[in-house]
Amino acid sequence: MHERIRVLVVDDDPEVRSLLGRVLTKSSWSTTEASSGADAMATLGRQEFDVVLLDVKLPDASGLDILRWARESDVDTEFVILTGNADVETAVALKEVMTRRDGMPHIVGDSPEIVDVVSMIARVAASDSPVLINGESGTGKELVARSVHLKSRRASRPFVSVNCGALPDTLLETELFGHKRGAFSGAVNSRVGLFEAADGGTLFLDEIGEMSPAMQVRLLRVLDSGEVRRVGEERAFNVDARIVAATNKDLNREATEGRFRWDLFYRVATIVIPVPALRRRRDDIPLLVQHFSAPGARGGQPLRFSADAMERLQRYEWPGNIRELRNLIERLQILHDGDEVQANALPAELTVVKRTAAEPAQTPLVSLQEMERQYVERVLQSTAWNKAQAARVLEVDIKTLNKKIRDFNIVRPA
Ligand SMILES: Nc1ncnc2c1ncn2[C@@H]1O[C@H](COP(=O)(O)OP(=O)(O)OP(=O)(O)O)[C@@H](O)[C@H]1O
Ligand SMILES: [Mg+2]
């Protein structure tokens, strides 16, 4: 789930504190209050915060004193100093901090492939339609999902993420839809589901291809009706959550082979943003390397790579895509001492030259006609000869499909 932003509100005026507390809790930040400088420092010593809202004038210290103390004690937090009109000022400052913290994620790269992705994000962000983000593991699907949210009119509302593949059905169901108190043994309190939590915002259904058939039905019902019913509850609520889903599978094929419902497929996959594998956009590698090797929070030097090492990085297949690249750079940043990283300092898998491109084709070359025949046959097989489905995959009408079956003399296996 989306990490909550932790805020410390430091103000001696209880009214200001409770006002800010209310505003912040509404936007689902978790807030802690401190009433004096001493209190603030003690709390900061104990606990980590993402943002501190600091009154400039406290009974026992000035806001600036605390700021100075925090810098000296290596407290890694953003400070917003409030000087007068707490509510107005805060609203403005918070919005800024929020976009920064929530991180308008930076999509690095200038290859035509990634530029396409970025422009698709801008286009779909303007609408409320469901979007499917499709790409191999580690290509940046979640990053793309967040960008869609943050560029949309829903940006100031929650982005709620759920991994549909990680939970067994019963848990996923209560996660998504919530439950009523007493709905099952152990349900001591009623609970809001993620659909409701994402109301007005975006619900990110990660790994949607892993959803069980039963959950697919449940989800479809919600998407069709726009209503959510908590487990054990009769009443239904209207929810307005924009659906962004992601999968590393070929969802069309999942549907063709009967593992994913077509009706749900059409619901979530009308707009698809394909995120290309890193090896399809090798030109982005130097920029990404630079991005990930910029000096981190721990200080330290940016890493530099010899031309030879960079060439290896660009030639490697990156099965784990950008996540793999990022992990490698982070590892090097910790382990590498010395000047430039040389090729021999890279892990073995990067330095072994693979013979893939030169391999002779496995199948004999055939005519376009024969190719078409084989393909139609393959689609029929994988749809178990469901002609309606096969025709949809092939994007022809059934009449055309029947003609092809006749012309090519394709016979249904017994
Ligand atoms: N274009 C990019 N620029 C900068 N960072 C990126 C880019 N693409 C991905 N990343 C970073 O790479 C890591 C992996 O990205 P992300 O988690 O979005 O991938 P994913 O496709 O959701 O992976 P998985 O399928 O494993 O869940 C993240 O740390 C992300 O910030
Ligand atoms: Mg992911």
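Good morning. By the ring-pairing rule, in which rings of Phe, Tyr and Trp (its six-membered ring) pair if their centres lie within 6.5 Å, the count in this predicted model comes to six aromatic pairs. Planes under 30 degrees apart count as stacked, those over 60 as edge-to-face, and the rest as tilted.

One stacked pair is formed by F159 and F204, with 5.8 Å from centre to centre and 25° between the planes. This pair links distant parts of the chain, since F159 belongs to strand β6 (residues 159–163) and F204 to strand β9 (residues 202–206), 45 residues apart. Helices (H or I, at least four residues) and strands (E, at least two) are DSSP runs, numbered from the N terminus. Buried means under 20% relative accessible area, exposed means over 50%, and partly exposed lies in between (1.4 Å probe, protein chains only).

The next pair, W262 and F265, is edge-to-face, because the ring centres are 5.4 Å apart and the planes stand at 80°. W262 and F265 are three residues apart in helix α11 (residues 262–268), so about one helical turn separates them. Both W262 and F265 are buried. Ring pairs also join W262, F265 and Y266 into a cluster.

A word on the conventions. Residues are numbered from 1 along each chain as its sequence is written, while chains are lettered from A and ligands numbered from 1 in the order in which they are written. In this predicted model, local features need pLDDT of at least 70, side-chain atom pairs count only at pLDDT 80 or more, and totals for chains, interfaces and linings use all residues; side-chain values use heavy atoms, with hydrogens and water left out.

R230 lies in the loop between β10 (227–228) and β11 (237–238), and is buried at 12% relative accessible area. Its side chain makes a polar contact (a pair of N or O atoms within 3.5 Å; within protein, one able to donate a hydrogen and the other to accept it, and residues adjacent in sequence counting only if both atoms are side-chain atoms) with the side chain of E196, at 2.9 Å.

I turn now to ligand 1. There are 16 residues around it, of which V108, G138, K141, R323 and R326 come nearest; a residue is near if one of its heavy atoms lies within 4 Å. A polar backbone atom of G138 is 2.9 Å from an oxygen atom of the ligand. For K141, a polar side-chain atom lies 2.7 Å from an oxygen atom of ligand 1.

Finally, A34 is in strand β2 (residues 30–34) and is buried at 1%. Its C-alpha atom is separated by 6.6 Å from that of D11, 23 residues apart along the chain. Thank you.
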